[in-house]
Amino acid sequence: MKTIKISFNHCRFFLIPFGFFLLVSGFFLLLFPKESIHIYINQFYCSFGDLVMPYVTLAADGITITVLVLLLLFYNKRFAFWTGISCLFATGITQLLKHTIFYGDPRPKMFFSNPSPLRLVPGVENYLFDTFPSGHTTVAFAFYFCLVFLVKNNYLKTGIFLFALLIGYSRIYLSQHFLSDVFGGSLIGTISSFAIITFALHKSWIKLPNVKA
């Protein structure tokens with residue numbers, strides 16, 4: 001319990017706004033169908049978003065995260081190892097759900113029949129199936145949440161959350177996923193990393209200069 005409390009206190013500037021996001025998005029998901037929410041969000045676009053969002057989403061691409069974890073080895077080898085484990089564990093849960101319970105669930109482009117009401121970003125290849133949960137969102141929250149343990153500045157912790165959330169939003173903007181997929185992926189990623197990093201701290205398998213377990 002002591003380690004859990006230390007972990008929460010250290011990450012509260014990530015977890016509190018994350019909880020607010022879950023409450024707000026969960027409220028709308030309970031009131032409205034996911035397709036109605038997506039059509040509403042889809043109407044907000046601009047040329048700058050079309051240019052930037054394909055790159056934002058790459059910040060949670062498998063190759064990008066692998067490179068970042070490897071770079072983290074130069075700073076803290078043990079922490080890099082457990083960050084990698086967190087990302088793999090979260091990704092494993094997501095892929096298991098995608099290929100079992102939610103196998104074949106249509107993504108936005110496939111979900112809406114022709115003529116599609118969607119406005120798609122030019123030059124972006126849209127996938128058609130296995131929409132829930134969002135894999136990019138899962139690994140974004142898994143990896144970037146782990147980074148919070150290395151950060152002392154509270155504003156930066158909230159900034160890290162906002163960046164992870166932006167990656168999740170990019171999946172909706174690009175019509176690769178629904179809000180419900182981002183909601184689920186963010187939960188899986190955050191809970192997985194919180195549990196694994198907290199366990200590693202409890203066992204003293206990782207020691208951080210600004211976290212005492």
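Q: On a 1 Å grid over the protein atoms alone, a cavity is a set of points where a 1.4 Å probe fits but cannot get out, and lining residues have an atom within 4 Å of a point. Which residues line the largest cavity here?
A: They are Asn42, Phe44, Tyr45, Arg119, Val121 and Tyr173. This is a predicted model, where local features need pLDDT of at least 70, side-chain atom pairs count only at pLDDT 80 or more, and totals for chains, interfaces and linings use all residues. Residues are numbered from 1 along each chain as its sequence is written, and side-chain values use heavy atoms, with hydrogens and water left out.

Q: How many cavities of 30 Å³ or more does the search find?
A: One, in the whole structure. The largest cavity holds about 40 Å³ of space. Its volume is the space filled by probe spheres set on the grid points, which are joined across faces, edges and corners.

Q: What classes of residue make up the lining of the largest cavity?
A: Four are nonpolar, one is polar and one is charged. Ala, Val, Leu, Ile, Met, Phe, Trp, Tyr, Cys and Pro count as nonpolar; Asp, Glu, Lys and Arg as charged; the others, Gly among them, as polar.

Q: What makes a space a pocket, and how much space lies in the largest pocket?
A: A pocket is an open set of points with protein on both sides within 12 Å along at least five of seven lines. The largest pocket contains about 410 Å³ of space. It is lined by 24 residues, and those closest to its centre are Ala60, Gly62, Cys87, Thr91 and Val139. Two or more residues each come from α4, α5 and α7. Helix α5 gives the largest share, nine residues. By class, the lining has ten nonpolar, ten polar and four charged residues.

Q: Which residues lie nearest the centre of the second largest pocket?
A: They are Ser25, Phe28, Ile37, Ile41 and Leu179, out of 16 lining residues. The elements giving two or more residues are α1 (2-31), α2 (34-42), α8 and α9.

Q: What makes α5 a helix, and what is its reach?
A: Helices are DSSP runs of H or I with at least four residues, numbered from the N terminus (strands are runs of E, at least two). Helix α5 spans residues 77-98, which is 22 residues. The expected span is 1.5 Å times one less than the number of residues.

Q: What do the buried residues of α5 pack against?
A: They pack against α4 (62-72), α7 (135-147) and α9 (179-202). Among these buried residues are Phe79, Trp82, Cys87 and Leu97.

Q: Why is Ser170 called buried?
A: Buried means under 20% relative accessible area, exposed over 50%, partly exposed in between (1.4 Å probe, protein chains only). Ser170 has 0%, so it counts as buried. It sits in helix α8. A polar atom of its side chain lies 2.5 Å from the backbone oxygen of Ile167. Leaving out residues up to four places away in sequence, Ser170 touches Met53, Val56 and Thr57 (contact means heavy atoms within 4.5 Å).

Q: Why is Val151 called buried?
A: Its relative accessible area is 12%, so Val151 is buried. Val151 is in the loop between α7 and α8 (154-173).

Q: What makes Asp130 stand out?
A: Most residues other than glycine have a negative phi, and most peptide bonds are trans. Asp130 is not a glycine, yet its phi is positive, about 60°. It lies in the loop between α6 and α7. At 16% relative accessible area, Asp130 is buried.

Q: Is Ser204 buried, partly exposed or exposed?
A: Its relative accessible area is 35%, so Ser204 is partly exposed. Ser204 also has a positive phi, near 60°. It is placed in the segment after α9.

Q: Which residues does a cis peptide bond join?
A: Phe132 and Pro133, with omega about -10°. Pro133 is in the loop between α6 (108-111) and α7.

Methods: Polar contact = N/O pair within 3.5 Å; in protein donor to acceptor, adjacent residues only side chain to side chain.
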